[in-house]
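Q: Could we go through this structure feature by feature, with the general idea given each time before the particular case?

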Amino acid sequence: MTGAGVSAESGIPTFRDAMEGLWARFDPMQLATPEAFAANPELVTRWYDHRRMMCAACDPNPAHETLTHMQRVFTSSGCRFTLITQNVDRLHQRAGSDPVIELHGSLFMWRCTGCGRSTEQTGVAFETYPPTCEACGGCLRPGVVWFHEMLPEEAIGAAQQAAGACDVFLSIGTSSMVYPAAGLVGAAHTRGARTAEINRDETPISGSVDWHLRGAAGRILPALAESLSDSPKDF
Ligand code: OAD
């Protein structure tokens, strides 16, 4: 399972570092809620569209590419490899990973708050904020999961199922502070899986995983993948 740290080396600020320039005076925790959207849909959609454009201009890095490679090697060797992400930037998909479980949705899907229609938004920035639905004229909101909202049932169900059945669980570039995603490593551990964390810093799970590999995901993951090039089953 990955978090924002995996995309840091692509130039995408992590969620808790996200406020720069014009946005420096805002707290992301205050913008990522349904209450914030209800109070100021223009501000919230402007911020998410700014993030969408920023992510679209970035490229996958060696951490994304290695996970794509690992997924292919494991799958072609008859092993299951489930890639779960909390990221909304689509960089795993752009690196070629498929399937990817997006626990927190995507910056590139927007949903009408009026008629519920979801549309993919991969083009230029919106012209007005909040953007409006072509079908009914309602307000569009980003297709991400906000604080105080439920995760998509299918995504969290698949993630829990994989975590509860795996032999190895890697927690990569996540602060492990946001639940239920942060609980998946514990579910894997309870089931008897070996667990590892790859992170630049200490997190609340660092003391309870089997291995804590400290450093940049874009450096550690390629080194780790080399060790399993011939036999993923020994991993
Ligand atoms: P965070 O921004 O909370 O944490 C990023 C983690 O990545 C931190 O622990 C960093 O130390 C680590 N990190 C930074 N650069 C790294 C690198 N190059 N290599 C390895 N690790 C690195 O991001 P998430 O844990 O993804 O949710 O945040 C989880 C959720 O919290 C997000 O999906 C978002 C946020 O609230 C919602 O919006 C619902």
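A: Let us begin with sheets, for which two strands are said to pair if DSSP finds at least two bridges between them, while helices (H or I, at least four residues) and strands (E, at least two) are DSSP runs numbered from the N terminus. The model is predicted, so local features need pLDDT of at least 70 and side-chain atom pairs count only at pLDDT 80 or more, whereas totals for chains, interfaces and linings use all residues. Residues are numbered from 1 along each chain as its sequence is written, and side-chain values use heavy atoms, with hydrogens and water left out.

Q: What is the strand order in the open sheet with parallel pairing, and which strands are at its edges?
A: The order of this 3-stranded open sheet is S6-S7-S8, and its edge strands are S6 and S8 (211-214), each of which pairs on one side only. Angles run from 0 to 180 degrees between N-to-C directions, with axes taken as lines fitted to C-alpha atoms, for helices over the stretch in contact; with direction ignored, neighbouring strands of this sheet are turned by 15° against each other on average. S6 and S7 (residues 194-199) are joined in the parallel sense over 5 bridges, and leucine 170 has alanine 196, in S7, as its bridge partner.

Q: What is the order of the strands in the open sheet with antiparallel pairing?
A: That sheet also has 3 strands, in the order S4-S3-S5. Strands S4 (118-120) and S5 (140-144) stand at the edges with a single partner strand each, so one side of each is left without a neighbour in the sheet. The twist from one strand to the next averages 40°. S3 (residues 105-112) pairs with S4 in the antiparallel sense over 3 bridges, and methionine 109 has glutamate 120, in S4, as its bridge partner.

Q: Which helix lies across S3 and S5?
A: Contact here means heavy atoms within 4.5 Å. Helix H4 (residues 41-56) lies across these two strands, running at about 140° to S3.

Q: Which residues have the most contacts inside the largest nonpolar core?
A: In soluble globular proteins, nonpolar side chains tend to be buried together. A nonpolar core is a set of buried Ala, Val, Leu, Ile, Met, Phe, Trp, Tyr and Cys residues joined through side-chain atoms within 4.5 Å, where buried means under 20% relative accessible area, exposed over 50%, and partly exposed in between (1.4 Å probe, protein chains only). The largest core has 22 residues, and those with the most contacts inside it are Val44, Tyr48, Leu107, Leu140, Val144 and Trp146. Helix H3 (34-39), H4, S3 and S5 each supply at least two residues of this core. Apart from it lies another core, of 20 residues, among them Leu67, Met70, Leu83 and Val100.

Q: How is the length of helix H5 checked, and which of its residues are buried?
A: The expected span of a helix is 1.5 Å times one less than its number of residues. For the 15 residues of H5 (residues 62-76) this gives 21 Å, which agrees with end C-alpha atoms that are 21 Å apart. The buried residues of H5 include Ala63, Leu67, Met70, Val73 and Phe74, and what covers the buried residues of this helix includes H1 (5-8), H6, S6 (168-172) and H9 (217-226). At the start of H5, a side-chain oxygen of asparagine 61 reaches to within 2.6 Å of the backbone nitrogen of alanine 63, a polar contact being a pair of N or O atoms within 3.5 Å, where within protein one must be able to donate a hydrogen and the other to accept it, and residues adjacent in sequence count only if both atoms are side-chain atoms. After H5 comes glycine 78, with a positive phi near 85°.
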